[in-house]
Number of protein chains: 2
Amino acid sequence: MKHETTKIPQATTKRLPLYYRFIQNFAKAGQERVSSKELSEAMKIDSATIRRDFSHFGALGKKGYGYDVQKMLAFFRNILDQDERMNVALIGVGNLGNAFLKYNFQKNHNTKIVVAFDTKAPLEGKMISGIPVYHPDALEDKFVEYGAELPILTVPSRSAQMMTDRLVKMNVRGILNFTPIRISVPDSIRVHTIDLSIELQTLIYFMRNDEE
Amino acid sequence: MKHETTKIPQATTKRLPLYYRFIQNFAKAGQERVSSKELSEAMKIDSATIRRDFSHFGALGKKGYGYDVQKMLAFFRNILDQDERMNVALIGVGNLGNAFLKYNFQKNHNTKIVVAFDTKAPLEGKMISGIPVYHPDALEDKFVEYGAELPILTVPSRSAQMMTDRLVKMNVRGILNFTPIRISVPDSIRVHTIDLSIELQTLIYFMRNDEE
């Protein structure tokens, strides 16, 4: 038996959630078929890339006919496990953490922050934006109690590695890291780092060089 | 005369701000030379990639000797125009925008939010976290008055393209887009999109597939 997902290149994989969102939009608009050109215009990705990506997904459409929206929807829902909920724990409720608590991934019905941790919270916990927030001393207990699987790290830099080490001991499989620290983890753990200052500086560099 | 920056590949370019930050750390620690292995361990990037990247930067070190920290510092400062300040305008002060106002890129002394816009602000403006916030009706006037160059888009999805169109008319050169909308701009304008839900879903996909 072929395992379809294992042969999808990483660059393509990174675009899966984006494809899924846009195909949902086409489905909501009542469209039955969509061409790579339409997807390209909506997603601002060139259509050659889209056709190459879709060649890894099996028979979702015919040449000159477009892709079948319902087939695509089923394919992406399945590959992204959209029916399975993922409980998120927020580690650190400062400025950015607070924004995440309020935002709480409203668009993703299957992803929710279920518990948060902050040094300013009392041991017995308190509610912020409807989410229980506990002192980090309760991390190991409450993370498990609330069924959290994915931690989002929004602590100050000085605490990033220490909290990471505790999360590693708790056998988390991945960490979404918003601190500017390059945290150390064993190879078996996925870390995705989003460093806002670095993103900003990169854009500025490209802007300045475009100008020349 | 060779233009050194034009031959640096895009993937390498994206790592420039990160290199700069880590080399600053080595300089602060008083280190005179640093090896690709040391950089690799600190940055969690494999050392072959680092050596390949550095091969584009000219003579910053000798084999078996390491890279010269002060030379690297000067090189990255120059290439990243670290001495030139970039004024940022925040478009939309909701949950995420509010977090940015408070955070205000403390680590980047040359990047500052100088003005913000929000539909809840009065026309004459008000101060939030020390930054003047105006009604979007004043966008064209105040953006110029405060010398803003780079807009960060944190408006609700429904306003994203409309605000983008106004920014395009104002001849901005780039936009940092935090909305889930793929905004349309002319080719001459750089857009960098950070879609938090998509980042989260991609990590979840990798976590689930690692497990199998």
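The notes below look at chain A and then at where chain A meets chain B.

Please keep in mind that this is a predicted model. In it, 63 residues of chain A are in contact with 63 residues of chain B.

**Chain A by itself**
- Chain A contains eight helices and 10 strands.
- Taking contacts in chain A between residues at least 6 apart in sequence, 54% join residues at least 24 apart.
- The accessible surface of chain A is about 10400 Å², and carbon and sulfur atoms account for 50% of that surface.

**The size of the interface**
- About 6000 Å² is buried between chain A and chain B, with 62% of this area coming from carbon and sulfur atoms.
- A:Tyr205, A:Met207 and A:Arg208 together supply 12% of the area that chain A buries against chain B, more than any other three residues.

**Polar links across the interface**
- The rule finds two salt bridges between chain A and chain B.
- A:Arg21 forms a salt bridge with B:Asp195, and their closest N and O atoms lie 2.7 Å apart.
- Eight residue pairs are in polar contact between chain A and chain B.

**What chain A brings to the interface**
- Elements of chain A that give two or more residues to the side touching chain B include helix 1 (10-28), strand 4 (86-91) and helix 8 (196-211).
- Helix 8 of chain A gives the largest share of that side, 16 residues.
- By class, the side of chain A that touches chain B has 31 nonpolar, 15 polar and 17 charged residues.

Technical notes:
Residues numbered from 1 in each chain as written. Chains lettered and ligands numbered in written order. Predicted model: local features only at pLDDT ≥ 70, side-chain atom pairs only at ≥ 80, totals over all residues. Heavy atoms only, no water. Contact = heavy atoms within 4.5 Å. Buried area = accessible area lost by both parts, 1.4 Å probe. Salt bridge = Lys/Arg side-chain N within 4 Å of Asp/Glu carboxyl O. Polar contact = N/O pair within 3.5 Å; in protein donor to acceptor, adjacent residues only side chain to side chain. Helix = DSSP H or I, 4+ residues; strand = E, 2+ residues; numbered from the N terminus. Nonpolar A, V, L, I, M, F, W, Y, C, P; charged D, E, K, R; others polar. Areas by Shrake-Rupley, 256 points an atom, 1.4 Å probe, with all protein chains shown as cover.
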